[in-house]
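Trainee: Can we go through this one together? I have the files open and a few things to ask.
Mentor: Go ahead.

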Amino acid sequence: MKLFSCAYCGNVLYFENIRCEKCGHALGYLPDANRLLPLQADGDAWRALAAGGAVDERYGTLRRCANAAHDACNWLVPMAEASAYCQSCRHNRVVPDLTIPANLQDWRRVQIAKNRLFYSLLRLDLPHPERPKDGTAGLCFDVLADPPSGGGAHIMTGHDNGLITLALSEADDVERQRRQQAMGEPYRTLLGHMRHEIGHYYWDVLVRDGGRLDQCRDLFGDDREDYGTALQRYYADGPAPDWQTRLVSAYASAHPWEDFAETFGHYLHITDTLEMGRAFGVSLQPQLRTPDAAALTAKIDFDPFRAENFTEIIEAWLPLTFVANNLNRCMGESDLYPFVLSQPVVEKLAFIHDLVSKGGAPDAELPQAPVEVSGQMTDGDSTQAQREADTAALLA
Ligand SMILES: [Zn+2]
Ligand SMILES: [Zn+2]
Ligand SMILES: [Zn+2]
């Protein structure tokens with residue numbers, strides 16, 4: 001994600017803003033331009049403004065995404081497009097009953113996460129075909145509220161052939177944190193769910209249908225292992241004991257598909273967060289006179305969504321996470337990025353970089369050389385073992 005600025009008054013703007021605090025103009029996000037535009041009403045439509053208040057003709061006539069009526073989307077749609085919904089919301093298939101105030105409040109949080117997901121997908125130029133009404137192909141989202149207590153099973157978040165189901169209850173902070181603790185997870189967010197589930201979708205599109213199955217199996221394992229049995233085993237016996245040496249999370253040990261989805265989600269965490277580092281001109285130079293401190297220097301002056309190779313990304317990412325984690329510790333908060341990326345995980349991330357950089361085109365070439373990270377860098381005393389102990393203490 002990047003910073004935006006108001007073309008009318010120069011004020012710094014953030015992705016979810018709907019009004020410029022400085023000049024008071026309504027704002028809308030136009031994905032094709034990747035701009036948050038100051039707007040002026042033009043009958044039923046909107047026009048973008050330039051500095052001085054002239055209409056900026058480049059953007060044509062625009063309307064708001066229909067979900068603006070629920071205060072649930074600030075994206076714009078060119079008048080020439082038929083859909084009433086924006087490029088993100090036209091993938092919404094089922095939304096919860098919005099006449100229930102709690103549902104509306106939770107769904108708005110889901111919308112924020114989904115629009116941030118789509119920001120990344122659009123920046124990476126990843127395919128996101130719409131699913132026609134009553135169709136079975138294409139990408140769509142069902143956001144479902146749990147049935148009233150005693151009225152049936154909880155909604156399970158998951159992916160099935162392009163349909164992403166998200167339990168609305170995950171938007172409730174108390175409920176999500178309860179689940180996070182019960183599962184012993186170091187990280188659980190709506191955006192994390194979105195990025196994980198879309199990973200399953202892109203396994204279908206870019207790996208299975210993209211001619212990359214053999215390479216993927218070499219790195220992530222054989223996905224022909226029965227999925228249902230594997231999940232049952234995971235929930236009965238817990239994660240593989242050696243997961244920390246080869247997987248990004250404990251849950252990734254449940255099945256190769258889960259490993260891929262977890263790792264794909266991390267790739268989106270990394271590129272999106274790095275872009276914000278770049279937007280702020282983050283440059284790191286630890287004030288320590290030791291050669292090891294050199295590994296912690298970084299200058300985030302490249303577009304992570306267009307990076308040539310994954311080495312560039314990971315060399316900036318690790319130092320950024322160490323800074324962020326240590327800043328959080330100074331505030332008595334838990335780590336922003338509570339993960340350790342082992343060498344096998346870095347190689348999997350490099351594979352995903354290769355996959356998304358090619359937009360899924362079949363490729364017979366060998367994967368790029370493994371990415372070397374000099375030494376096993378860690379961000380201090382919060383090792384995986386410590387995190388495990390912390391989690392165990394929390395659950396005790
Ligand atoms: Zn402004
Ligand atoms: Zn929308
Ligand atoms: Zn999954």
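Trainee: Is Asp-134 buried or exposed?
Mentor: Exposed, because its relative accessibility is 81%. Keep in mind that this is a predicted model.

Trainee: Where does Asp-134 sit?
Mentor: In the loop between α1 and β9. Its phi is positive, about 65°, although Asp-134 is not a glycine.

Trainee: What about Asp-125, where is that?
Mentor: Asp-125 is also in the loop between α1 (101–123) and β9 (140–144). Asp-125 is not a glycine either, and has a positive phi of about 60°. With a relative accessible area of 56%, Asp-125 is exposed.

Trainee: How far is Asp-125 from Gln-285?
Mentor: Their C-alpha atoms are 33 Å apart in space, and the two residues are 160 apart in sequence.

Trainee: Switching to the metal. What coordinates the zinc ion (ligand 3)?
Mentor: Three residues: His-196 through NE2, His-200 through NE2 and Glu-258 through OE. The distances are 2.0 to 2.1 Å.

Trainee: How are the donor residues spaced in sequence?
Mentor: The pattern for the zinc ion (ligand 3) is H-x3-H-x57-E.

Trainee: And how are His-196 and His-200 placed in helix α3?
Mentor: They are four residues apart in α3 (residues 190–208), so about one helical turn separates them. In general, an α-helix has 3.6 residues a turn, so residues three or four places apart point the same way.

Trainee: Are those two histidines, His-196 and His-200, buried or exposed?
Mentor: His-196 is buried, at 8% relative accessible area. His-200 is buried as well, at 12%. The cut-off for buried is under 20%.

Trainee: At what angle do α3 and α6 pack?
Mentor: About 115°, with the axes 7 Å apart. The crossing is right-handed.

Trainee: Which residues meet there, between α3 and α6?
Mentor: The α3 side includes Arg-195, His-196, His-200, Tyr-202 and Trp-203. The α6 side includes Trp-257, Glu-258, Phe-260, Phe-264 and His-269.

Trainee: How does the contact of α3 with α6 divide by class?
Mentor: Into nine nonpolar, six polar and four charged residues.

Trainee: What about α1 and α6, at what angle do they pack?
Mentor: About 90°, with the axes 11 Å apart. That makes α1 roughly perpendicular to α6. Leu-117, Tyr-119, Ser-120 and Arg-123 of α1 meet Leu-268, Asp-272 and Glu-275 of α6. By class, the α1 and α6 contact has three nonpolar, one polar and three charged residues.

Trainee: Next, α4 and α8. Are they roughly parallel or antiparallel?
Mentor: Roughly antiparallel. The axes of α4 (residues 213–220) and α8 (residues 343–357) cross at roughly 160° and come within 10 Å. The crossing of α4 and α8 is left-handed.

Trainee: Which residues make that contact between α4 and α8?
Mentor: On α4, they are Gln-215, Cys-216, Leu-219 and Phe-220. On α8, they are Glu-347, Lys-348, Phe-351 and Ile-352. The classes for α4 with α8 are five nonpolar, one polar and two charged.

Trainee: Which residues in α4 are buried?
Mentor: Gln-215, Cys-216, Arg-217 and Phe-220. What covers the buried residues of α4 includes α3, α6 (256–279) and α8.

Trainee: What follows α4?
Mentor: Gly-221, with a positive phi near 100°.

Trainee: Last one, Asn-67. Where is it found?
Mentor: In the loop between β6 (61–64) and β7 (76–78). Asn-67 is buried, with a relative accessible area of 5%.

Trainee: What does Asn-67 touch?
Mentor: Leaving out residues up to four places away in sequence, Asn-67 touches Ala-72, Cys-73, Tyr-85, Cys-89, Asn-92, Trp-107 and Gln-111.

Note on methods:
Residues numbered from 1 in each chain as written. Chains lettered and ligands numbered in written order. Predicted model: local features only at pLDDT ≥ 70, side-chain atom pairs only at ≥ 80, totals over all residues. Heavy atoms only, no water. Donors = N, O, S within 2.8 Å, 3.2 Å for Na, K, Ca; no water. Helix = DSSP H or I, 4+ residues; strand = E, 2+ residues; numbered from the N terminus. Buried < 20%, exposed > 50% of the residue type's maximum accessible area, 1.4 Å probe, protein only. Axes fitted to C-alpha atoms, helices over the stretch in contact; angles between N-to-C directions. Parallel < 35°, antiparallel > 145°, perpendicular 65-115°, else oblique. Left-handed = near helix turned anticlockwise from the far one by under 90°. Contact = heavy atoms within 4.5 Å. Nonpolar A, V, L, I, M, F, W, Y, C, P; charged D, E, K, R; others polar.
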